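Morning, everyone. One structure today, and I'll keep it short. Please have a look at it first.

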Amino acid sequence: MKKLPLLLSSLLLLGCSAGKAQKKDYAKADVARYMNTITAADLKKHLYIVANDSMEGRNTGTEGQKKAGRYLISQYKAIGMSYPPAATGWYQPVPAEFMQKPFSPKLNDSENIWAFIPGSEKPDEVLVISAHYDHVGTKNGEVYNGADDDGSGTTALLEIAQAFMKARQEGYGPKRSILFLHVTGEEHGLHGSRYYSEHPLYPVANTIADLNIDMIGRRDDAHKENGNYVYVIGSDRLSTDLHNINEAANAKYTQLALDYTFNDREDPNQFYFRSDHYNFARKGIPIIFYFNGVHDDYHRPTDTPDKIEYDLQAKRAQLAFATAWELANRENRPVVDKDGK
């Protein structure tokens, strides 16, 4: 190898030393500060747009849903995020034929939307954070805005993404990759998440967990007097690790009452099977479903942005972020030690 001139050698050594000095100690990351960039004010700003009458209830494959999707993409672009490098664009097309069900209305072609932060150390391992951005459209001239269902989860993903991007800009990019996945067709049969699970962009074997956020902006009758709670469903069905990670994140950062009522195998509501996380769970991927429970405005035109308790929505989104932070940055992925039942 040819000997380099002394000055050039010195500059290269300095550059290497600087590179090593820039490597961050993640134990020193101010996770709470990033978490607290998820604010009620920002969630409210986003949700009044996503659940606006102009979105016409975001029914699957309609122009209103597509308009909402374009807004989501604009917000990811605004914080410097892009679609996954393995994709050719922001959309994963979901054809109408895939969403056909007996005795159900015929749906138009639709699309999942994805945004991506590449991992800095374990880029091939992928954490999915999901929410459905469709709702049920208009009926008898009334717009079903779907502010809680699932505008609340949809906008939470935007805020969680910007918190991770803030950390990345300060040298604490996630060690594992994170896929932010807005799925379509949930209201008509979990179609978008089913399509992704059967046509994954990244191998199922490399997908470490799915955190699914579906309705986190309200409180139900069981918690009328105290909204400082969230229902946690499915966290222990496949992975003891995942359950413990979420419990620890809550104890350290958010101190919500974690209500496992609907995680009971005998619960008649069977919510474990009723949102998009299930299509990951059935593939053996550990999941958590964050949920506020059903209220009087569920699937009614009165599920509007003015009914959302944005401070509660923010705190629940912060828990999802804190759990995602640990999943993305810990040494080992959560072990699958249960059968999912």
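I'll go from the overall chain to the core, then to one helix pair.

A word on sources: this is a predicted model, where local features need pLDDT of at least 70, side-chain atom pairs count only at pLDDT 80 or more, and totals for chains, interfaces and linings use all residues. Residues are numbered from 1 along each chain as its sequence is written, and side-chain values use heavy atoms, with hydrogens and water left out.

The protein chain has 9 helices and 10 strands; these are DSSP runs numbered from the N terminus, helices being H or I of at least four residues and strands E of at least two. Buried residues make up 55% of the 341. Buried means under 20% relative accessible area, with a 1.4 Å probe and protein chains only.

Now the core. A nonpolar core is a set of buried Ala, Val, Leu, Ile, Met, Phe, Trp, Tyr and Cys residues joined through side-chain atoms within 4.5 Å. The largest has 62 residues, and F180, F321 and W325 have the most contacts inside it. Helix α9, residues 310–329, gives the most to this core: 11 residues.

What does F321 touch, leaving aside neighbours within four places in sequence? V31, Y34, M35, I38, I160, A163 and F164. Contact here means heavy atoms within 4.5 Å.

Last, the helix pair. Helix α3, residues 40–50, packs with α9 at an angle of about 105°, axes 8 Å apart. Axes are lines fitted to C-alpha atoms over the stretch in contact, and angles run from 0 to 180 degrees between N-to-C directions. On α3, the contact uses A40, L43, K44, L47 and Y48. On α9, Y310, D311, Q313 and A314 take part.

Technical notes. Buried < 20%, exposed > 50% of the residue type's maximum accessible area, 1.4 Å probe, protein only.
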